[in-house]
Amino acid sequence: MSISSEIRDELGLLPIKPLCCRRAYLYGLIYCAEVEGTAVTAIFPVAKDASYYPHKQAVGLIHTLFSREASVTHETRGAHRYARVSFDYKAAAKNLRAMMNLPEEEAECETLTRFMGFKCEHCAAHFLRGLFIARGTVNDPAKSYHLEIKLPTDGRVEPVRILLAESGFELGFTSRNGQTGLFCKSGSNIQELLAYMGATTSLFNFYNAEIERSIRNDENRATNCVTENINRAVRTGAKHFTAIEYLEEHNLLAALPEELQFTARLRMNNPDITLAELAELHFPPITKSGLHHRLEKIMAFYEKNLNKSL
Ligand SMILES: [Zn+2]
């Protein structure tokens, strides 16, 4: 099951007592509905092996809160299944249409609060919960941080963005393929938003995935670091090997002071070890910086002779 449907399952099964909050929740579920005359049609995702189906819940709430009977039809788009819930209710159609046709200057939180009938301080969170169930997705945090709420491209976007901002969540705005979305790419903000909507179990799964991801990143970083050190040692060794081999082939090694000849031979015999290891092979051992100086002298001697011969 995807993380989005896990979150949906959890959010949908939370109990709500106050009537105002239940209404706000239902309006969240149907906020993005199509409206024609007095007919309202909302579309809900239908996940495989879900333990909760938002369209069934919407039908129940429409019955108890709006005293209307809704009909359900199913459809498939690509790999996804959806349920269309249709009902006829003048008041709901009017409220939704008012939001759809909202001029930009009236896109305030109060407008949303008024048309969606928020009464108490918890109504907004329940509205967002319903909206997220119908229109929200979250990527697997082990792969990337991305939460998105898809909205129709009309007056309904801006009041939601403002409502979220006033609740402490600044979401980005995206528009593509005739769809508008509000999104969040910060792991900590996604967690706070999930907590705000009441998805505490999903939040723990999110934490765990995040911990796994950070452990994996640390491991990769450590592996990269070791690999890079080995590569560097091999590259340096190969450079020395070429130089010393050249000096030997041209009988130039004997022209070097004895301690440099000794270092050069040790290097030839051990081209792929680190400088620290090579320093320890000397007898008596020399320091790494002492070795560095010796190798620099050898390399300078090599380059001088190489240029001469060119
Ligand atoms: Zn309320």
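How many bridges join strand β2 to strand β4, and in which direction do the two strands run? Strand β2 covers residues 39-46 and strand β4 covers residues 80-88; eight bridges join them, and they run antiparallel. Within this pair, A39 stands opposite D88 of β4. The model is a predicted one.

**The sheet**

Strands β2 and β4 belong to an open sheet of four strands, in the order β1-β2-β4-β3, with antiparallel pairing. At the edges are β1 (34-36) and β3 (71-77), each of which pairs on one side only. From one strand to the next, the twist averages 25°. In general, the strands of a sheet pair through backbone hydrogen bonds, and the pairing is either parallel or antiparallel.

| Strand | Residues |
|---|---|
| β1 | residues 34-36 |
| β2 | residues 39-46 |
| β3 | residues 71-77 |
| β4 | residues 80-88 |

**The chain as a whole**

Twelve helices and eight strands make up the secondary structure elements counted in the chain. The radius of gyration of the chain is 34 Å, whereas the globule rule gives 19 Å for 310 residues; the value is well over that of the rule, so the chain is more spread out than a compact globule. Taken along the principal axes, the box filled by the C-alpha atoms is roughly 105 × 40 × 35 Å.

Burial and contacts complete the description. Of the 310 residues in the chain, 29% count as buried. Where contacts link residues at least 6 apart in sequence, 68% of them join residues at least 24 apart.

Key. Residues are numbered from 1 along each chain as its sequence is written. This is a predicted model: local features need pLDDT of at least 70, side-chain atom pairs count only at pLDDT 80 or more; totals for chains, interfaces and linings use all residues. Two strands pair if DSSP finds at least two bridges between them. Axes are lines fitted to C-alpha atoms, for helices over the stretch in contact, and angles run from 0 to 180 degrees between N-to-C directions. The radius of gyration is taken over C-alpha atoms; the globule rule is 2.2 Å times the number of residues to the power 0.38. A residue is buried if 20 or more other C-beta atoms lie within 10 Å of its own, exposed if 12 or fewer, and partly exposed in between; C-beta atoms are placed from the backbone. Two residues are in contact if their C-beta atoms, placed from the backbone, lie within 7 Å.
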